[in-house]
Amino acid sequence: MATDTSDPIPPHKTFDTILVLDFGSQYSHLITRRLREHNVYCEMLPCTQKLSELSWKPKGVILSGGPYSVYWDDAPHVDPAVFDLNVPILGICYGLQEIAWHFGKNVHAGEKREYGHAYLKIEKQRDGHVDRLFKGLEDDVEVWMSHGDKLSNMPEDFAITATTANAPFAGIAHKQKMLYGIQFHPEVTHTPKGRVLLRNFAVDICQCKTDWTMGKFVDQEIARIRALVGDKGQVIGAVSGGVDSTVAAKLMQEAIGERFHAVLVDNGVLRLNEAKQVKETLTKGLGINLTVVDASDRFLGRLKGVTDDPEKKRKIIGNTFIEVFQETAKKIAADAAGSSRAGEIEWLLQGTLYPDVIESISFKGPSATIKTHHNVGGLLEGMHLKLIEPLRELFKDEVRELGTNLGIPEDLVWRHPFPGPGIAIRILGEVTPEQVRIAREADYIFIEEIKAAGLYRKISQAFAALLPVKAVGVMGDKRVHDQVIALRAVETSDFMTADWYPFDGDFLKKVSRRIVNEVEGVCRVVYDITSKPPGTIEME
């Protein structure tokens with residue numbers, strides 16, 4: 001894939017940065033998110049990252065939890081150079097054990113796994129820095145444990161800073177160096193005071209400035225875009241009308257003006273009336289120069305016959321997107337020849353977010369790829385356009401804040417996410433025009449009722465999916481054998497974890513009745529109550 005990853009002004013060169021080294025814990029991304037909530041910039045890299053390959057030095061390092069045992073022959077370990085950086089280090093769960101292993105291999109299997117709530121007793125220390133991690137916290141702090149191994153002995157020159165009934169080394173700290181370890185997980189909501197502890201580490205111990213704000217990011221990112229694209233470079237932008245692509249498009253327009261060309265590809269699997277609504281919103285509402293390309297026949301033709309391979313769907317859609325963009329870029333460049341906008345289009349804008357990066361490009365040992373995102377893993381070999389991804393370091397709530405800073409209307413900023421592969425990954429089985437019609441109409445009814453009930457802002461994402469099964473029903477005094485719609489609605493702050501939304505029975509009854517009565521071909525409606533994890537938000 002011919003992409004250009006050059007980055008003249010990366011955030012870690014501008015903002016104080018905490019480096020999280022990921023050992024594959026399902027909670028690793030939450031560490032990053034919690035630090036961002038304190039306006040401290042943070043990046044996550046695999047635990048195998050070689051420090052010599054970094055072009056920057058972090059203000060502090062956090063070693064995440066992980067599913068392995070440090071004493072296994074094939075256990076992952078950090079580059080030993082991490083301990084020579086002379087910056088504060090915090091080890092969480094497996095990270096604590098990694099510190100203890102490095103300083104004497106003092107880890108063994110516990111008699112039983114400890115999973116769930118525990119209460120922390122803080123051991124006050126007279127030495128200056130040793131108990132700084134627990135500043136502002138008292139005894140009986142509720143914490144969340146999830147581990148099977150434990151420390152067998154205290155590493156040399158370390159002191160105990162916290163204990164629980166089952167974990168005599170729940171917190172440790174080096175007596176001279178700023179090395180800290182905790183056996184529990186401060187990043188999860190089950191540890192109510194965890195945010196205090198993480199702030200103590202990042203702000204008080206690492207001395208990070210709390211200046212990571214979207215107001216500052218706007219200026220920095222505009223400068224980065226201009227340096228990357230140059231004075232004459234032109235960018236073609238993938239837009240869908242969702243908050244990510246809308247914010248990215250507005251940011252690009254602010255940076256390079258008329259040299260940005262937004263393109264909406266109607267891939268045949270958009271929501272009901274989507275192309276028309278997006279065109280009106282972006283052109284009339286935000287003044288963005290937009291080209292709409294109807295490629296629905298091409299997409300649906302290539303999806304024909306693909307029945308049970310979600311990854312293949314995503315690859316087909318991603319590849320076809322790039323083909324259409326390349327063709328459109330050539331046409332726009334040709335049309336612009338001889339005008340003030342003349343020049344070759346070299347760049348493709350995409351609204352990739354940090355959760356996309358984490359899920360698609362992860363440490364292949366402890367943590368496995370969940371699915372390929374269309375905008376980070378489905379691109380053509382030999383692609384002629386270079387990618388530019390201005391939102392790549394941001395979480396969803398940061399993107400919404402950025403959109404507000406850019407003056408984008410509230411209804412657009414808070415619009416629910418819609419995946420690049422569209423309804424295709426909400427149709428389980430073959431994607432046909434008839435299946436698209438059914439999924440579209442059911443989805444429209446569901447969202448309409450959510451808005452009517454005043455629940456839209458309370459829900460992070462909602463949609464109707466079409467299952468690859470049929471069920472027996474009775475409609476109009478006749479026996480029918482029709483399709484099944486699955487409704488899904490979730491609450492989340494970062495889209496890395498999510499809980500299903502608890503609708504009341506009357507609401508679900510009303511939605512079900514409308515879908516069955518109004519959408520031809522559907523005789524049954526179910527509600528998905530699976531959280532993420534173990535499920536993903538989308539069906540495929």
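Ser64 is located in the loop that runs between strands β3 (60-63) and β4 (89-92). The structure discussed here is a predicted model. Ser64 has a relative accessibility of 0% and therefore counts as buried, the threshold for that class being under 20% relative accessible area.

The side chain of Ser64 forms a polar contact of 3.2 Å with the side chain of Ser28. When neighbours within four places in sequence are set aside, the residues in contact with Ser64 are Leu21, Asp22, Phe23, Gly24, Ser25, Ser28, Ile31, Ile92, Tyr94 and Gly95.

## Packing of helices α5 and α6

Two packed helices are described by the angle between their axes and by the distance between those axes. For α5 and α6, the angle is about 65° and the axes lie 9 Å apart. Angles of 65 to 115 degrees count as roughly perpendicular, and α5 and α6 are therefore roughly perpendicular to each other. Their crossing is right-handed.

On the α5 side, the contact involves Glu221, Ile222, Ile225 and Arg226, which meet Leu251, Met252, Glu254, Ala255 and Ile256 of α6. By class, the residues of this contact comprise 6 nonpolar and 3 charged, with no polar ones.

An α-helix has 3.6 residues a turn, so residues three or four places apart point the same way.

## Helix α12 and its cover

Helix α12 spans residues 396-405, and its buried residues are Lys396, Glu398, Val399, Arg400, Leu402 and Gly403.

Just after α12, the backbone at Gly407 adopts a positive phi of about 85°.

## Leu348 in strand β13

Leu348 belongs to strand β13, which covers residues 345-349. Its relative accessible area is 0%, and Leu348 is therefore buried.

In sequence, Leu348 and Leu387 are separated by 39 residues, whereas their C-alpha atoms are 4.9 Å apart in space. Leu387 is also one of the residues in contact with Leu348 once neighbours within four places in sequence are left aside.

Note on methods. Residues are numbered from 1 along each chain as its sequence is written. This is a predicted model: local features need pLDDT of at least 70, side-chain atom pairs count only at pLDDT 80 or more; totals for chains, interfaces and linings use all residues. Side-chain values use heavy atoms; hydrogens and water are left out. Buried means under 20% relative accessible area, exposed over 50%, partly exposed in between (1.4 Å probe, protein chains only). Helices (H or I, at least four residues) and strands (E, at least two) are DSSP runs, numbered from the N terminus. A polar contact is a pair of N or O atoms within 3.5 Å; within protein, one must be able to donate a hydrogen and the other to accept it, and residues adjacent in sequence count only if both atoms are side-chain atoms. Contact means heavy atoms within 4.5 Å. Axes are lines fitted to C-alpha atoms, for helices over the stretch in contact, and angles run from 0 to 180 degrees between N-to-C directions. Angles under 35 degrees count as roughly parallel, over 145 as roughly antiparallel, 65 to 115 as roughly perpendicular and the rest as oblique. A crossing is left-handed if the near helix is turned anticlockwise from the far one by less than a right angle, and right-handed if clockwise. Ala, Val, Leu, Ile, Met, Phe, Trp, Tyr, Cys and Pro count as nonpolar, Asp, Glu, Lys and Arg as charged, and the others, Gly among them, as polar.
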